[in-house]
Amino acid sequence: MVDETDRTFDSFKEYLINTKELSHNSVSAYLRDLPDFQRFLEEKGIHSLSSASKSDASAWLLKLKRDGRSTATVNRKLASIRAYYKFMIETGVLSENPTKGIHSPRIERNEVEYLTLEEVDRLLAAPDDTEIGQRDLAILEMLYATGLRATELRFANIDDINLRMGFVSCSGAHGKARIIPLGRPARAALEKYIYDVRPHFRKKNDESARTSEDDGALFLNYYGERITRQALWKVIKGYAKKIGLEKDLTPQMIRNSFAVHMIQHGADLKSIQELLGHEDPTATQVYLSVTRNRIKDVYDTAHPRA
């Protein structure tokens, strides 16, 4: 929690919701960024957000970049504290904005955030053998095995999975159906979840409370309801924290990892486009930049006259 009064903090939350018209998730992200900035300030002996200077704000953003945070994340964190100081000026608490004149880092068009193979292995080894852990493993395995969007995974139904043939049917973001293969580890995790865990979750929900929409849902929460977006993100963030992952893990990053690792192991761009459900081929070409950068790294390391 920031050092200003709870009243000021709550007022800022209302300001974000009513004035900035941000989504609930964006508001939550903004409010998480402020304590992050304060912790940075406290390490420098500054105990109030109101006492921060422009150089303090710039130093924090530079540290975030050095820590491997994406340009998009750095930009959002800058937007968070910028909004906070604007609010403090408008309410008469401050007269100067320490973020004034700080420009948002430019996002490179081809910047792709993804996990290394070692990070994927650690992530998939993180869930335990409890019922929740088995469900979470099935979620993580399926995300990485298929490259599904978070929304596509959330709204996947039990009938979309064919374990015998090893594929999942997905309607996609634009209603265009596609068939995506499931690797052996994903099939094994899904089979264990579907037959051993999912029935228990369904029983825990009173028949009168469960909707017909929940009946066919593939991934359920503990009470037998279709998993929510917030719960899915919590699963992913929770395991990223558990393994000490420095990256700001998102479902999109797992989707990127699926595409990048496929390309690095020989998959052609057309196949990746179809698996990801991209209507525009240029959306898939962004992953080529990673391969080009990897080839350049190999060249610089291996060639005697690089």
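## Sheet and crossing helix

Isoleucine 161 stands opposite valine 168, a residue of strand S2. This pair belongs to a predicted model. The two strands concerned, S1 and S2 (residues 167-170), are paired in the antiparallel sense over two bridges.

Together with S3 they form an open sheet of three strands, in the order S1-S2-S3, and the pairing is antiparallel. Strand S1 (161-162) and strand S3 (178-181) are at the edges; each has a single partner strand, so one side of each is left without a neighbour in the sheet. Helix H6, made up of residues 131-146, lies across S1, S2 and S3. The direction of H6 is at about 110° to that of S3.

## Largest pocket

The volume of the largest pocket is about 1300 Å³. Its lining consists of 41 residues. Those nearest the centre of the pocket are Arg32, Arg69, Arg76, Lys237 and Asp248. By residue class, the lining divides into 19 charged, eleven polar and eleven nonpolar residues.

Several helices supply at least two lining residues each: H2 (24-43), H3 (54-66), H4 (71-90), H10 (229-242) and H11 (251-264). Of the contributions to this lining, that of H2 is the most, at eleven residues.

## Confidence of the model

For the protein chain the mean pLDDT is 85, with 84% of residues at 70 or more. Among the elements of the chain, the highest mean pLDDT, 98, belongs to H6, the helix that lies across the three strands S1, S2 and S3. The lowest mean, 59, is that of helix H14 (residues 288-302).

Terms used
Residues are numbered from 1 along each chain as its sequence is written. This is a predicted model: local features need pLDDT of at least 70, side-chain atom pairs count only at pLDDT 80 or more; totals for chains, interfaces and linings use all residues. Side-chain values use heavy atoms; hydrogens and water are left out. Two strands pair if DSSP finds at least two bridges between them. Helices (H or I, at least four residues) and strands (E, at least two) are DSSP runs, numbered from the N terminus. Contact means heavy atoms within 4.5 Å. Axes are lines fitted to C-alpha atoms, for helices over the stretch in contact, and angles run from 0 to 180 degrees between N-to-C directions. On a 1 Å grid over the protein atoms alone, a cavity is a set of points where a 1.4 Å probe fits but cannot get out, and a pocket is an open set with protein on both sides within 12 Å along at least five of seven lines; lining residues have an atom within 4 Å of a point. Grid points are joined across faces, edges and corners, and a volume is the space filled by probe spheres set on the points. Ala, Val, Leu, Ile, Met, Phe, Trp, Tyr, Cys and Pro count as nonpolar, Asp, Glu, Lys and Arg as charged, and the others, Gly among them, as polar. pLDDT is the predictor's confidence in each residue, from 0 to 100.
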